[in-house]
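Let's take a friendly walk through this model, from its surface to its strands and a few backbone details. Keep the viewer open as you read.

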Amino acid sequence: MDRAIKKCAVIGAGVMGATIAAQLANVGIDTILLDIVLPELTDDDKKRGLTKESKAFRNKLAQNGLNGALKSKPASFYIPEDAKLITIGNLEDNLAWLSDAEWIIEVVVERLDIKKSVFEKIETVLKPGTIITSNTSGIPARAMCEDRTEAFRSHFAITHFFNPPRYMKLLEIVPGPDTLPEVIEILSETCEKVLGKGIVYGKDTPNFVANRIGIFGLLYSMQAMIDLGLSIEAVDEITGPVIGHPKSASFRMADLVGLDTIVHVANNVYEGVPDDEKREMFTPPEFIQKMIEKNMLGSKTNLGFYKKTKDKEGKKAILSLDYKTLEHTPQEKVKLASLETAKNISGTSAKIKSLFFAQDVGGQFTFRTLTETLIYSAKRIPEIADNIVNVDNAMKWGFAWKMGPFETWDTLGVGQSLAKMKEAGYEIPAWVQEMLDGGNESFYKREAGTLYSYDLASKDYEEVPVKPGIILLPSLKDREKMVAGNKGASLIDIGDGVACLEFHTKMNAMGDDIITMVVKSADIVRSDFQGLVIANHANNFSAGANLPLILFTAQEEEWDELEWMVKAFQDSLMKLKYLDKPVVAAPAGMALGGGCEICMASDRVRFAAETYMGLVEAGVGLVPAGGGTKELLLRNTEHLFEVQKGGLYPKQIELMPFVARAFETIAMAKVATSGPEAVKLGYLRPTDKMTVNRDYLIEDAKKTILAMNMEGYQPPRPRDDIRVAGENTFAMIKLGLWSMHESGYITEHDVTVSTKVGYVLCGGDVLADTKVSEQYLLDLEREAFVSLSGDPKTQARIQHMLNTGKPLRN
């Protein structure tokens, strides 16, 4: 990229505009957020003493948008402090600010006349070379560019973010008729590398790629539901995780997006593509029009396909819509033999195939909806995108499908599924039949670690490009780069003298296999490599300890065995910490309990922006015992020792407030909702750095290893000079716990667990400012963990967590 974008402007401070601005700020880009000035003061404005000249009134829409982004759930900002990079204003007073922006993003209402009016204003202050994009979800680029200058048109494109921008990976880039190639290159590089997006290159057709296919699939599901007599909740059961789609499935997703938005997107296709063979499908069913008339738009009106309410006992309940009467009724348990069979099969691919070929009404629904979606997707190439990879990526990144349409088709077996489709009377796209007739039995194939996709133009397979800087561990395994491994983990050579330890247990829970490989990997790296990265491609880095094993061992009262398990885990992480080669952990997703502790034992952490890290053991009645309690104490107090060694203070600094901070974090089982928040909570250090696009995480971690060696890496030394707060601070913690229990804020068992946490953090029964070793603190951790494991209330909490996935307060 020739230039790095450092300053942006967003025009339009609605939900989408404000949250796009938030993501720009998250990644360190100074952002201007502008909206219009409202025509009149409200009664509330007048009560506040505002006038039409008041800044608070003139910037009201932009301020409201920023406030909304700060309050949004899930959070739009990584940490609230990121909002300081956003400057609010209005299009009348602050239009000139746009001359300082390198990229201007228009996010106003979806009306061509209003967009063109905004672009006319922008052009009056535009400096040469500024990039202008629209976040439209369907208005053609060529229409928005009409009447603009050549300089404007050549720097204009569509950048279609998906909501919420922080979490949805997809960004569709659509060039205008005169867009310069270097503009697309700059946008692609910035959006992928800086904003963390997955780029899909669409064409200037209504709704581009993801919405064209996704809305078709949703509307067809509604029609199939009516034809087969299924309920709203039944469709959501069939179209959710069982087929690799998110829990929001079909109708919950519709409620989140908003029914008015869905109808608007559908109308875009109906009016914009008169020759679409499925055009009539983009006319929503009659009951949808009635819902809109009744303002049943979904979450935005608190009434849609589902309705949140309370039952007779005052407990929360969610009712579902009877689309025939438009009344909400208690949800019925979905009983479909094919669905139950699929749920009990291991693996998403096998589940989908089971449902697709089933004969009952659940199978019929799956067959019809999948067949229509697959055929419709195939017929849209090359109309909406040039290849199947763009289509598959659009659906995975924009709708959170595990597999795109063509990957799903491969899962079903192209030949076998086509036979069933033909038998049912479906017309197969000519190029798909031609592919099969040519002896090509799948849309994708993998050979020697390289992925290939079928190309319509050449009628042959083409290598799916992997961008420089993306390391794919399965591909390296295919190329026989695995050095060692077992059922739980693998050690892989990722090049340049660096190895990667990959976990692959269920939820990457820490068990004997992973611990064994941690120790073995340390030994191998010591002799054969220059450093170790700890990373994987799973949704979650590691969900923590193997709770079923811990519970079973405790219930069997195998206390020596349990203590040995904890000691082995502690020793393995200490071996990593003091390895004479640099160790860099690269977490993404959940890094909880033991997953957090293995990061804390590493020299550095290269974390994904969406890393959810925490020491959560207190939630199941335990204490962090893999060194986590010790490490959090060190992170909260280590800077105090640096001050003392510098001789800046003649007296020792009081430890209590720093111990209290660590205590609160552990006892409340706090989980960071982003990588930057993990730094704030002390799980990570300021020297640990973030990668926004997870695709580049392993490569960035590898580069960190190489840089550490280039700087002359020196391993840390075991500590025997850790100053602890001692019995006086522990007494204060116990007093605080007693007060909270007396006030009804915490349970008796919370007191028991938190007392153990405080005991370890304070160094046990010692005087203030006693110096202890790391091993001493590890021994305290282990004793606390084993003793709490025998508590029936702890065992009840663990069992409840295993059964429900939620903590129990007992």
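Surface patches here are made of residues with over 30% relative accessible area and no salt bridge; like charges are joined within 9 Å, and nonpolar side chains (Val, Leu, Ile, Met, Phe, Trp, Tyr) within 5 Å. Accessible areas come from the Shrake-Rupley method with a 1.4 Å probe, and for residues only the protein chains shown count as cover. A salt bridge is a side-chain nitrogen of Lys or Arg within 4 Å of a carboxyl oxygen of Asp or Glu.

Please note that this is a predicted model, in which local features need pLDDT of at least 70 and side-chain atom pairs count only at pLDDT 80 or more, while totals for chains, interfaces and linings use all residues. Residues are numbered from 1 along each chain as its sequence is written, and side-chain values use heavy atoms, with hydrogens and water left out.

**Surface patches**

Met-732, Leu-735 and Trp-738 make a nonpolar surface patch of about 350 Å². Leu-735 belongs to helix α30 (residues 726-742); helices (H or I, at least four residues) and strands (E, at least two) are DSSP runs, numbered from the N terminus.

A patch of negative charge on the surface gathers Asp-512, Asp-513, Glu-556, Glu-557, Glu-558, Asp-560 and Glu-561. Asp and Glu count as negative, Lys and Arg as positive, and His and the chain ends are not counted; a charge is placed at NZ of Lys, CZ of Arg, CG of Asp or CD of Glu. Two or more residues of the negative patch come from each of α22 (512-528) and α24 (559-577), and Asp-560 sits in α24.

**Strands**

Two strands pair if DSSP finds at least two bridges between them. Three strands form an open sheet in the order β12-β13-β14, with antiparallel pairing. Because β12 (444-447) and β14 (460-463) stand at the edges with a single partner strand each, one side of each has no neighbour in the sheet. The twist averages 35 degrees from one strand to the next, with axes fitted as lines to C-alpha atoms (for helices over the stretch in contact) and angles running from 0 to 180 degrees between N-to-C directions. Arg-446 has Leu-451 in β13 as its bridge partner.

Elsewhere, a hairpin joins β15 to β16 through three residues, and Met-482 stands opposite Ile-492 in β16.

| Antiparallel pair | Bridges |
|---|---|
| β12 and β13 (residues 450-455) | four bridges |
| β15 (residues 482-485) and β16 (residues 489-493) | three bridges |

**Backbone details**

The peptide bond from Asn-163 to Pro-164 is cis, with omega near 0 degrees, and Pro-164 lies in the loop between β6 (156-161) and β7 (170-175). Ala-249 is not a glycine, yet has a positive phi of about 50 degrees.
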